[in-house]
Amino acid sequence: IANSTISDGYTGVYVREGGIAVISDSVITGHDSQGILVEDGWARIDRCTISDNLDMGVLVASHRGTTSIRNCTIMDHTTSGVDVQTGRAIIEDCVIGNTSWAGIRFNDGTMGWTVNNTIHDSDRYGIQVNPLCTVSISNSSIHDIGDRGVWMYNASGTVRDNHIQRCGNDSVYLFESPCIIEGNLLEYNGQNGIVLSERWNSWEVMIWDNTIRGNGINGILIGTQRSSASIGWVDGNTIIENGRTGIFISDNITCWLGNTELRDNGWYGVYCTERATLRWDTDEKSRVVNETLRIRGRIDIRASAEMWVENSTVIFEEHWGWDWGEVVVQGGSLRLTRGSLLDVAQDAPDGAYVLVKMIDEGYVNVTASELTSTNFDVRDGRFDATGSVFTSSSRSVDGATQLAEIYIYSCTFTDGVQGVVGYEATVRIIASSFLRMDEGVNLRGCNVSGP
């Protein structure tokens, strides 16, 4: 069927019972049911305009091969632009809009690929993926959707290299759906950039190399039902300017966080609830700017990696595995600058502290910041502090090996047990104050050139 106009019937084209159809360069419009119905047949649909059909633009209900829909404009339908009820379909280079339910819907047990599509102005979903489906969504623009851009329920697949914006609710919502979410721009949605929801099953989701910005509530919300031990792998993302929280981690959730930029999120950069766990492992570079982080767990900074914390507050909450928090700088570097604060939570008991360890030539630089209830343990590495304030009920800086180097410039240590403790380390302290302490400086067998 080529270069034809088919209008004002019940179904525009009905491919059935083993039928094979190639439909191209045609207009199919104004039908009481579907524009095209593929039922137990096979169809290739190219460069068609399918519009104003009462139910759906294209309905696929066939196990006979993969129905392909390419370079089509599919507009103004009551249910879906494309509805895959059984079988497989590929939708590529299409414009799909103005639907009352979903731009594209994959029903139970189907499979599909959506590539280079523009989906807009759907009342409910941009793309809906129902249970037991496997769907790949890539290189598409999804915008101005009433509810969620991509909705996936008990399914699996990939969401890669898409631009999803201005959805009334979330850009991507996954319920118990293992999925890779990679390389997307998710911005200016009413509630969340990404939601990982679960109830009973333990599952894993990979969230890599996305830019998530300007969403109304959270950049990433991991876990909503608070009843299963699920895992989110989050690496290489830029998460900025979201209304409340960059990454929100719910109870019983373990979030493995890699190289991440967090900047200017409204309430928190990271927020861990009471039974959440954060494992932040940086092997290249992470950056935190103008944020408040509430963390339960541990931060690792690997060899040659960098973590910058600028004008930010980092609060460690109690965790069953790492007490009041642990930061391990293993050959990498940690920099706290421009008025940053590192501390434990207000409900911490006396003597609780965040442990920051430098091993394998690790490096920590603290400039113009405040360190409260923090113990810097320099085992093999270097600690530099300039213009900062240290307050701790325990010791603040401890270098207990010949491989430890401690350099303190214009700092103030107050109200603690010990300020700087060194044993066979290299220590230099210049123009600093030690006030109201049991012991300001305790050095044994230490060496330094100069005064």
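**Entry 1: the ring cluster**

I began with the aromatic side chains and found that ring pairs join Trp101, Tyr125, Trp151, Tyr153 and Phe175 into a cluster. A reminder to myself: this is a predicted model. I then looked up the total for the structure, which comes to 12 aromatic pairs.

**Entry 2: a pair from the cluster**

Next I picked out Tyr153 and Phe175, both members of that cluster. Their rings are stacked, with 4.7 Å centre to centre and 5° between the planes. The planes count as stacked because the angle of 5° falls under the 30 degrees cut-off. I also checked where the two partners sit: Tyr153 belongs to strand β18 (residues 148–153) and Phe175 to strand β21 (residues 172–175). They are 22 residues apart, so I noted this pair as a link between distant parts of the chain.

Buried or exposed, I wondered about Phe175? Phe175 is buried, at 5% relative accessible area. Tyr153 has 29% relative accessibility and counts as partly exposed.

**Entry 3: a tyrosine pair**

I moved on to Tyr268 and Tyr271, which form a tilted aromatic pair. I read 4.9 Å centre to centre and 55° between the planes. Tyr268 is partly exposed at 23% relative accessibility, and Tyr271 is partly exposed too, at 25%.

Note on methods. Residues numbered from 1 in each chain as written. Predicted model: local features only at pLDDT ≥ 70, side-chain atom pairs only at ≥ 80, totals over all residues. Heavy atoms only, no water. Phe/Tyr/Trp six-rings, centres within 6.5 Å; stacked < 30°, edge-to-face > 60°. Helix = DSSP H or I, 4+ residues; strand = E, 2+ residues; numbered from the N terminus. Buried < 20%, exposed > 50% of the residue type's maximum accessible area, 1.4 Å probe, protein only.
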